[in-house]
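Thanks for coming, everyone. Please look at the structure on the screen, and then we will walk through a few features.

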Amino acid sequence: MASALVGLGRKGVNFVVKLGGMAIMFTRFIGSLPKFYQTFGLTVEQIYKLGVQSLPLIVIISIFVGAVSAWQAAYQFKFIGAPLHYLGHAVGKAVVIELAPVLSAIVFAGRVGAGVTAELGTMKVTEQIDALESMGISPIRYLVMPRILACLFMVPFLVIFANFVAIVGGLVVSVIGVDVSAETFLSGFRNSFKMGDLVNGLIKAGVFGFIIGLVGCYEGFNTKGGAQGVGKATTTSVVISSVSILIFNFIFALILFRI
Amino acid sequence: MNSPLIKITDLHKSFENQIVLDGVNLEINKGESITIIGQSGCGKSVLLKHIIRLLEPDSGKVFFDGEDLSELNFNQLISVRQRTGMLFQSAALFDSLTVAENVGLSLKEQRHYSKNEIDKIVAEKIDMVGLSYAADKYPSELSGGMRKRAGLARAIADEPEVLLYDEPTTGLDPITADMIDDLIVDLNRILKVTSVSVTHDMKSAFKIASRIVMLYQGKVQFDGTPDEVRKTDNPIVQQFINGNATGPIQVR
């Protein structure tokens, strides 16, 4: 019993230490922003590596996200006897507000968050980060800033594609599988579309991207040990990012969509 | 008498209840070539990293050229680090960059040099360590000795006043190790730097040091010239330099 309590206490302390560490990294990131011009080239490189190269994956998952939401919506509509010309409305709202930002962010956390942590974690355990510091180069500016900025900008960018592709996926399934015409689906989508929904979705995506970048860099910089440590840090990074995305998503819903 | 270039006073450092440094006092004068010896895990590398504040002391002070490192702001610390060069144990080359890019990185990031100037300095430093033929290779394509040489070229790229060597010969075959030692002796002479190296390789220590400091149980156990080290009757030092498993040093 006592040891269980001690274990719980230790976990609690570790959690607070992690939050504090991330807050410190956040402030150092903000502090380095005036030197952004020195990091422009590195940021562009990360935008390509982390963002642009994620595009094929995001496109593939978005096709199926749109397709399954159209199919499931149609199934439920039939069940409750709702008219199928609302299909475009339902799919559009679900995709733009929730599915595209959240699922893209979680897939991005799995691909990019893990990659960032593994790369920086390996640099940490092989003393490459110490080497940077010993040369008088700030690792925050050289490594952290380009990655956080790339995540911050690229998740919303990817979500724009995800929205488009998912709607197309839903449209195709509606036309082929549910027997709703393209005109009906699209007019349902158009009538329900609000610019505000899209903007909210993109703002959320930016916050999610920032979380993925910050958590990925923090876990990488705090990797201990060798290969095992890198593996552990990578897992922790994806878990923390994914859980944080879902928690923040709920907070966004409470703030933006008042019932 | 000039004040020491590096002064360490009553330095304490622990990691998770394990005391590593327990009150180290050390003064390093300009132009000296100091070698810190001691068992693996006795805190030699930890001590070295404190000299450029890669680690923060639990208590005690480190002064660099009269300045208390703990009181420096970020930019002042960077200028101290730019006056030093460090060779890491595993060389710590950036694996996404070629040898030449590794060597030129600190110059490029300072933004004071044109690309031509950087190329010229990089070629010169790589030539000094005899690695010109491998300038465009990536670290993963290099042998251990080549990596150390590339790490050395990177450490001297910015014309440092102080060179820190963390186990320069560990993991190398005896011939390559001796070559690295020769290189260090040459560089110290040509560049007129103050050097601090950490090693448990006694052959290397005797070759490169003008003064040898032995760390034992978190404190400075012995401090003297290589000759004094050979002649001392201090049983701890004798056991270490002769490499005996039995003696006052308990192997943990």
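**A helix pair in chain B**

In helix 3 of chain B, Val99(B), Ala100(B), Val103(B), Gly104(B), Leu107(B) and Lys108(B) meet Ile118(B), Ile121(B), Val122(B), Lys125(B) and Ile126(B) in helix 4 of chain B. Contact here means C-beta atoms, placed from the backbone, within 7 Å. Helices are DSSP runs (H or I, at least four residues), strands likewise (E, at least two), numbered from the N terminus. The residues of this contact divide into eight nonpolar, one polar and two charged.

A word on the source. This is a predicted model, where local features need pLDDT of at least 70, side-chain atom pairs count only at pLDDT 80 or more, and totals for chains, interfaces and linings use all residues. Residues are numbered from 1 along each chain as its sequence is written, and chains are lettered from A and ligands numbered from 1 in the order in which they are written.

How do the axes of helix 3 and helix 4 of chain B cross? They come within 9 Å and cross at roughly 125°.

Next, the partner chain. 13 residues of chain B are in contact with ten residues of chain A. Helix 2 (74-82) and helix 3 of chain B each give two or more residues to that side.

Last, a loop. Ala92(B) lies between strand 6 (84-87) and helix 3 of chain B. Ala92(B) is not a glycine, yet has a positive phi of about 50°. Is Ala92(B) buried or exposed? Buried (20 or more other C-beta atoms within 10 Å): Ala92(B) has 24.

Technical notes:
Axes are lines fitted to C-alpha atoms, for helices over the stretch in contact, and angles run from 0 to 180 degrees between N-to-C directions. Two residues are in contact if their C-beta atoms, placed from the backbone, lie within 7 Å. Ala, Val, Leu, Ile, Met, Phe, Trp, Tyr, Cys and Pro count as nonpolar, Asp, Glu, Lys and Arg as charged, and the others, Gly among them, as polar. A residue is buried if 20 or more other C-beta atoms lie within 10 Å of its own, exposed if 12 or fewer, and partly exposed in between; C-beta atoms are placed from the backbone.
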